[in-house]
Amino acid sequence: MSNLRNLLENKGFHRIPLIKLNTGHYKLRIKINKQKGDFILDTGASTSCIGFKSIAYFHLSSEESEIKAAGAGAVGMMTKISKKNSFSVGSWHLKEMDFVLFDLSHVNEALQQTNEKEVHGILGADFLKRTRSVIDYGRNCLYIT
């Protein structure tokens, strides 16, 4: 019987190594608008987001949003949205990806308490669903197609 990696790669999936953090979360390095950034992979986050502090770094255009963000102990946070950004991870690319923009300071404070570096954002369920992702927790990697 074939292993998971062979099975998925034979079906056109790309393998992306994940870094396991002290918090138990996974982190990966991606590029948005040709700028590298560190993102947490979060199956519980409904949408992918970027912190307000990283808007200029990723050359994001943004517009006002009626969406209120909640999660990780924070609720009712104001947001903006950034649409049609280029996105890549490894050799895999998306021409247009949208992100919710909001204050990620509470996430980064929690990471710092466990001696982890700050992240630029979170990849959520919208990305996982769009890419038909498979997470191999045993081997700490993500497969996307």
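Thr131 sits in the loop that links helix 3 (125-130) to strand 10 (134-136). In this predicted model, Thr131 has a relative accessible area of 1%, so it counts as buried.

**Around Thr131**

- The side chains of Thr131 and Ser133 are joined by a polar contact of 2.6 Å.
- Leaving out residues up to four places away in sequence, Thr131 touches Phe13, Trp92, Ile144 and Thr145.

**The nonpolar cores**

- The largest nonpolar core is made of 24 residues. Those with the most contacts inside this core are Leu28, Ile32, Phe87, Phe99, Leu123, Phe127 and Leu142.
- At least two residues of this core come from each of strand 3, strand 4, strand 7 (74-89), strand 8 (92-102), helix 3 and strand 11 (141-144).
- Strand 8 contributes the most to this core, with five residues.
- As background, nonpolar side chains tend to be buried together in soluble globular proteins.
- What does Phe87 contact, once its neighbours within four places in sequence are set aside? The list is Ile30, Lys31, Ile32, Trp92, His93, Leu94, Met97, Phe99, Leu123 and Phe127.
- A second core, separate and made of 12 residues, has Leu21, Ile40, Ala45 and Phe102 among its members.

**Strand 1: His14 and Pro17**

- His14 belongs to strand 1. With a relative accessible area of 30%, His14 is partly exposed.
- Apart from neighbours within four places in sequence, His14 is in contact with Ser91, Trp92, Leu142, Tyr143 and Ile144.
- His14 and Asp42 lie 28 residues apart in sequence, and their C-alpha atoms are 19 Å apart in space.
- Pro17 is also part of strand 1 (residues 14-17). Is Pro17 buried or exposed? Its relative accessible area is 53%, so Pro17 is exposed.
- Not counting residues up to four places away in sequence, Pro17 touches Leu28, Asn140 and Cys141. Leu28 is also one of the residues with the most contacts inside the largest nonpolar core.
- Pro17 and Tyr143 are 126 residues apart along the chain, yet 8.8 Å separates their C-alpha atoms.

**The loop between strand 3 and strand 4**

- Asn33 is in the loop between strand 3 (26-32) and strand 4 (35-41), and Lys34 is found in this loop too.
- Why does Asn33 count as buried? Its relative accessibility is 18%, and the cut-off for buried is under 20%.
- Lys34, by contrast, is exposed, at a relative accessible area of 74%.
- The side chain of Asn33 reaches the backbone nitrogen of Ser86 at 3.0 Å.
- With residues up to four places away in sequence left out, Asn33 touches Phe58, His59, Leu60, Asn85 and Ser86.

**Positive phi angles**

- Lys34 is not a glycine, but it has a positive phi of about 70°.
- His59 is another non-glycine residue with a positive phi, here about 55°. His59 is located in the loop between strand 5 (49-51) and strand 6 (63-71).
- His59 counts as exposed because its relative accessibility is 54%. His59 is also among the residues that Asn33 touches.

- Which element gives the largest share of the lining of the second largest pocket? Helix 2 (residues 105-113) does, with four residues.
- Sorted by class, the lining of the second largest pocket has three nonpolar, six polar and four charged residues.
- The buried residues of helix 2 are His106, Val107, Asn108 and Leu111.

Technical notes: Residues numbered from 1 in each chain as written. Predicted model: local features only at pLDDT ≥ 70, side-chain atom pairs only at ≥ 80, totals over all residues. Heavy atoms only, no water. Buried < 20%, exposed > 50% of the residue type's maximum accessible area, 1.4 Å probe, protein only. Polar contact = N/O pair within 3.5 Å; in protein donor to acceptor, adjacent residues only side chain to side chain. Contact = heavy atoms within 4.5 Å. Nonpolar A, V, L, I, M, F, W, Y, C, P; charged D, E, K, R; others polar. Core = buried A, V, L, I, M, F, W, Y, C linked by side-chain atoms within 4.5 Å.
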